[in-house]
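Please read the following note beside the sequence and the model. The remarks are arranged as numbered points, from the overall fold to single residues.

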Amino acid sequence: MRGLLARDVIATGKNRAFLLVALALCVFYTVSDMYVTGVLLMPMLLATVCGNMIRNDLSAPIRRMLFSMPFSREQYVAEKYLVSIVPSCLLAFVLQALSAAVHKQSVAQSAMVVACATLLTVLTVSIEIPVNIIFRDRAQIARVCILAVVFTLVVLAVSLDIGTDGLLATIVSMPSWTLYDIGAALGAAVLAVSVIVSRHALRAAQL
């Protein structure tokens, strides 16, 4: 598993164009009035790029080389989720710390933004990895379709329940610890389902 991690880190480091663009965007978002957008968006972008590297592993030559190494299917899946989630969440924390210092945000605001960024990152990875394993060359189309369906369901749920007793009013009125608990439970449930689906997809592909 250590070899897998080193390989993914090296592959990410070779993507200099992405790293330069990402660094420029991080600086822009940190100093602009869109700092919250940057904290939410940039970790999701990094998670998408890291999760997308799994497509290269499934090409025939690399697949034969990788799966001849001494690691199990479970270790492979765990490494892909860790390398996609952990650096992205650390990026969210660093960006929010810098933004809070520049724009003088409170600790409570910073904690909520980081929590939201972490949840969105986990949801992104939970979609990205199984989609890349299952659909491979058609992953881009499948990803767009899935995100479109999720977005449509969210918009419908919110638009049909707006008002003083609606969904948004209920969420806003909740204490912060309840929101954290709900977010953690949702993220854990989606991630668990995603891991199970990814393992099953690798098994079905005889990898």
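1. The model is predicted, so local features need pLDDT of at least 70 and side-chain atom pairs count only at pLDDT 80 or more, whereas totals for chains, interfaces and linings use all residues. Residues are numbered from 1 along each chain as its sequence is written, and side-chain values use heavy atoms, with hydrogens and water left out.

2. The protein chain contains 10 helices and zero strands, where helices (H or I, at least four residues) and strands (E, at least two) are DSSP runs numbered from the N terminus. Of the contacts in the protein chain with a separation of 6 or more, 77% are accounted for by residues 24 or more positions apart; contact here means heavy atoms within 4.5 Å.

3. Buried residues make up 32% of the 207 residues in the protein chain, with buried meaning under 20% relative accessible area, exposed over 50%, and partly exposed in between (1.4 Å probe, protein chains only). The protein chain exposes about 11900 Å², of which carbon and sulfur atoms supply 73%; accessible areas come from the Shrake-Rupley method with a 1.4 Å probe, and for residues only the protein chains shown count as cover.

4. The largest nonpolar core has 13 residues, and those with the most contacts inside it are Tyr81, Ile85, Val125, Ile129 and Ile133. Helix H6, helix H7 (107–135) and helix H10 (176–204) each supply at least two residues of this core, the largest share, five residues, coming from H6. Apart from it lies another core of 12 residues, among them Phe18, Ala22, Cys26 and Ala92. A nonpolar core is a set of buried Ala, Val, Leu, Ile, Met, Phe, Trp, Tyr and Cys residues joined through side-chain atoms within 4.5 Å.

5. Ser88 has its place in helix H6 (residues 73–103) and is buried, with a relative accessible area of 0%. Its side chain reaches the backbone oxygen of Pro43 at 3.4 Å, and a polar atom of the Ser88 side chain lies 3.3 Å from the backbone nitrogen of Ala47. Not counting residues up to four places away in sequence, Ser88 touches Pro43, Leu46, Ala47 and Thr121.

6. Glu128, in helix H7, is likewise a buried residue, with a relative accessible area of 2%. Its side chain is joined to that of Asn132 by a polar contact of 2.8 Å, a term for a pair of N or O atoms within 3.5 Å; within protein, one must be able to donate a hydrogen and the other to accept it, and residues adjacent in sequence count only if both atoms are side-chain atoms. Glu128 also touches Thr48, Gly51, Asn52 and Arg143, not counting residues up to four places away in sequence.

7. A search of the whole structure finds one salt bridge, in which the side chains of Lys80 and Glu79 meet (4.0 Å, N to O). The term requires a side-chain nitrogen of Lys or Arg within 4 Å of a carboxyl oxygen of Asp or Glu. Both Lys80 and Glu79 are buried.

8. Which residue other than glycine has a positive phi, near 55°? That residue is Lys104, placed in the loop between H6 and H7 and counted as exposed at 72% relative accessibility. Most residues other than glycine have a negative phi.
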